[in-house]
Amino acid sequence: MFQRIRSYTHAILERDPAARSVWDVVFSYPGFHALVLHRIAHPLWNAGWFWLARWISHWGRFFTGIEIHPGAKIGERVFIDHGMGVVIGETAEIGDDCTIYQGVTLGGTSLTKGSKRHPTLGKGVVVGASSQVLGGFTVGDGAKIGSSAVVTKPVPPGATAVGNPARIIAADDAAKREETAAKLGFSAYGVTQSDDPVSQALRGLIDGTATHDHQIAMLWHAVERLACQMDPDCVPKEAAKAESFEADKLNELVGK
C-alpha cells in the first residue's frame, strides 16, 4: 500500500510544475489525500466492512471534494489534479499513469446491482475537466477525453473523444492535426475541439492548410507534364510559392 501511495506523490511531482516538493504534495494536494484515504477504504470494502469503508470514503469526500467509492479499483501513479467535483463509481477501474482533472464523473447508466456499471480506464488515459464518462465500457490505453465531453461508448487506444455526445478522433488524425498546428504557431489541443464555434473554425483552417501544399504540388506537376508534352524542349521550373495563410490575423481573431 505504501509503495502505491509513494507512486502518487511521484506522479504529481512529474506532471504538475506547481508541485515543489514531496511535503508540498503530502500536505497541500486534495487529489493525493483522496487517493490515500481510498487506499485505506478499498481493502476494508473487499473484506466486507462495507459500512466502515463508506464512512472513510465519506470523510474523504468531505475534506477533499472528491468522491471515490471504496469499491473502485485504482492503479499506480494516478494523478487527480485539483479534483473538486470528481466522482468515481463503485465498479470503475483506473489504470496506471492516468490523469483526471476537476469535475470528472466516471459514472454508470445501469441500475442493476452487481453488474459492471462504470467505465474502465486503460493505462495513461487523460480525462479532461468536467467530462462525463458514463457506462461499463473501456477507454483504451493512452486515450484522451476532451474537456466537457460526454462519453457513452468505448474509446479505442490512443484516440481522442470530444464533444457532447462525444465523437472519436482517430489517433492518426489527431497527430496530423497537432503537427500542422505546431507549424502554424499554436496548438489545436489547447482549445475545445468540438463544442466551440471558434475552435471549429480553427480546426477547419488547420485541416485545410495541411492538404494545400500537397495539392499544389500535384497540380504543378500535372501542368508541367502537359507543358512538356506540347513542347519537347521545355525545361521544368520550380513553382513560385506565395504565403497566403495569414496567421497573425487568425491569432488576432481568437484573442492571441
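Does Trp-51 count as buried, partly exposed or exposed, and at what relative accessibility: which of these holds? Trp-51 counts as exposed, because its relative accessibility is 65%, and the cut-off for that class is over 50%. The model in which this residue is described is a predicted one.

**Overall make-up**

The protein contains 7 helices and 15 strands. Of its 256 residues, 38% are buried. Its accessible surface amounts to about 14,900 Å², and carbon and sulfur atoms account for 58% of that area. When contacts between residues at least 6 apart in sequence are considered, 35% of them join residues at least 24 apart.

**The aromatic residues of helix α4**

Trp-51 is placed in helix α4, which covers residues 50–64. Trp-55 belongs to helix α4 as well, 4 residues from Trp-51, or about one turn of the helix. One aromatic cluster is formed by Trp-51, Trp-55, Trp-59, Phe-62 and Phe-63.

**Ring pairs**

A pair of aromatic rings is described by the distance of the centres and the angle of the planes. Across the whole structure, 7 aromatic pairs are found. One of them joins Trp-45 and Phe-50, an edge-to-face pair because the planes stand at 65° with the ring centres 4.7 Å apart. Another joins Trp-51 and Trp-55, whose centres are 6.2 Å apart and whose planes meet at 10°, so this pair is stacked. The cut-offs behind these labels are under 30 degrees for stacked and over 60 for edge-to-face.

The accessibility of the residues in these two pairs is as follows.

| Residue | Relative accessibility | Class |
|---|---|---|
| Trp-45 | 17% | buried |
| Phe-50 | 44% | partly exposed |
| Trp-51 | 65% | exposed |
| Trp-55 | 42% | partly exposed |

Trp-45 is classed as buried because its 17% relative accessibility falls under the 20% cut-off. Phe-50, its partner in the edge-to-face pair, is partly exposed at 44%. In the stacked pair, Trp-55 is partly exposed at 42%.

**A parallel sheet**

Five strands make up an open sheet with parallel pairing, in the order β1-β4-β7-β10-β13. Its edges are β1 (67–68) and β13 (150–151), each of which pairs on one side only. Strand β1 pairs with β4 (residues 87–88) in the parallel sense, over 2 bridges. Opposite Ile-68 stands Ile-88, a residue of β4.

Notes:
Residues numbered from 1 in each chain as written. Predicted model: local features only at pLDDT ≥ 70, side-chain atom pairs only at ≥ 80, totals over all residues. Heavy atoms only, no water. Buried < 20%, exposed > 50% of the residue type's maximum accessible area, 1.4 Å probe, protein only. Pairing = 2+ DSSP bridges. Contact = heavy atoms within 4.5 Å. Areas by Shrake-Rupley, 256 points an atom, 1.4 Å probe, with all protein chains shown as cover. Phe/Tyr/Trp six-rings, centres within 6.5 Å; stacked < 30°, edge-to-face > 60°.
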